Amino acid sequence: MSELLVDFITSLDGHASGEGWPGFWGLEGPEYLAWLGEQPEATYLMGANTYRLMSGFAAGEVPNGQDEFRPEEEASVDELTQASKVVFSSSLEEPLTWANSTLVRDDAVEAVRAMKSSGSGLLSTIGSLSLCRSLLRAGLVDRFRVVMFPVITGATGEERIYDGYPDVALEMIEHRTFDGRIQLVEYKPRVLEHPPLGAPA
């Protein structure tokens, strides 16, 4: 059976990106980049918006506010291009132009449930906030990992990650600090029907 990892990189205040900020908020360091390079092979799951953004980067479109990719960003996109990717969308058309991408039009929750039961490798999300939220609500997420970068993007932050989430209990299974400033926390999530004080008598 496959394991499903929801994987986010965020500002301290829970934004997935920020207007005018480079990838990794420009704060990645050698320890963090080495750790990224050691990650196991995975099949990446994403929605249409993330696919459009990332496939654009792969085709050479530079993020707003930048003249060119930094080497770290280019390496990250190249690795994603080589990886197997599953894209859930009813609006995209086949064939998908980004290499190693498969389009799935079926309900994402049911499709991932089937992928988990029939597969053996690691499934990992990338971006795709609404997809991650749906998979978590459905109880399909085995590991919930967040790498927090030491910035607060109160004025420029975009894509607030946790809006619309259910209440979730988190059992910590891993934590680590990279380069003296980047914090990784990884949890086993359990969706709650109600807060502890709201339990039936």
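Modeller: Gladly! Let's begin with a term: a salt bridge is a side-chain nitrogen of Lys or Arg within 4 Å of a carboxyl oxygen of Asp or Glu. Before we use it, note that this is a predicted model, where local features need pLDDT of at least 70, side-chain atom pairs count only at pLDDT 80 or more, and totals for chains, interfaces and linings use all residues. Residues are numbered from 1 along each chain as its sequence is written, and side-chain values use heavy atoms, leaving out hydrogens and water.

Colleague: How many salt bridges does the structure hold?

Modeller: It holds eight salt bridges. One of them joins Glu110 to Arg113, with the closest N and O atoms 3.5 Å apart.

Colleague: Where do Glu110 and Arg113 lie?

Modeller: First the general idea: an α-helix has 3.6 residues a turn, so residues three or four places apart point the same way. Here, both Glu110 and Arg113 lie in helix α4, three residues apart, about one turn of the helix. Helices (H or I, at least four residues) and strands (E, at least two) are DSSP runs, numbered from the N terminus.

Colleague: Which parts of the chain does the pair Arg143 and Glu186 link?

Modeller: In this salt bridge the closest N and O atoms are 2.5 Å apart. The pair links distant parts of the chain: Arg143 is in strand β7 and Glu186 in strand β10, 43 residues apart. Arg143 is buried, at 17% relative accessible area, and Glu186 counts as buried at 7%. Glu3, Asp7, Arg143, Arg145 and Glu186 are linked in a network of salt bridges. Contact means heavy atoms within 4.5 Å; among the residues that Arg143 touches are Leu4, Leu122 and Tyr187.

Colleague: What is the order of the strands in the open sheet?

Modeller: In general, strands of a sheet pair through backbone hydrogen bonds, either parallel or antiparallel. Two strands count as paired if DSSP finds at least two bridges between them. In this model, eight strands form an open sheet with mixed pairing, in the order β5-β4-β3-β6-β1-β7-β10-β9. β5 and β9 stand at the edges, each with a single partner strand, so one side of each is left without a neighbour in the sheet. β9 pairs with β10 in the antiparallel sense over 10 bridges, and Phe178 stands opposite Ile182 in β10.

Colleague: Now for a helix. Which residues of α3 are buried?

Modeller: They are Glu73, Val77, Leu80 and Thr81. Seen down the axis of α3, these buried residues fall within an arc of 105°, so they line one face of the helix. That arc is taken from the directions from the helix axis to the C-beta atoms. On the other side of α3, Pro71 and Gln82 are exposed.

Colleague: What covers the buried residues of α3?

Modeller: The cover includes β3, α2 and β4.

Colleague: What span should helix α3 have?

Modeller: The expected span of a helix is 1.5 Å times one less than its number of residues. With 12 residues, α3 should span 16 Å, and its end C-alpha atoms are 17 Å apart, which agrees.

Terms used: Buried < 20%, exposed > 50% of the residue type's maximum accessible area, 1.4 Å probe, protein only.
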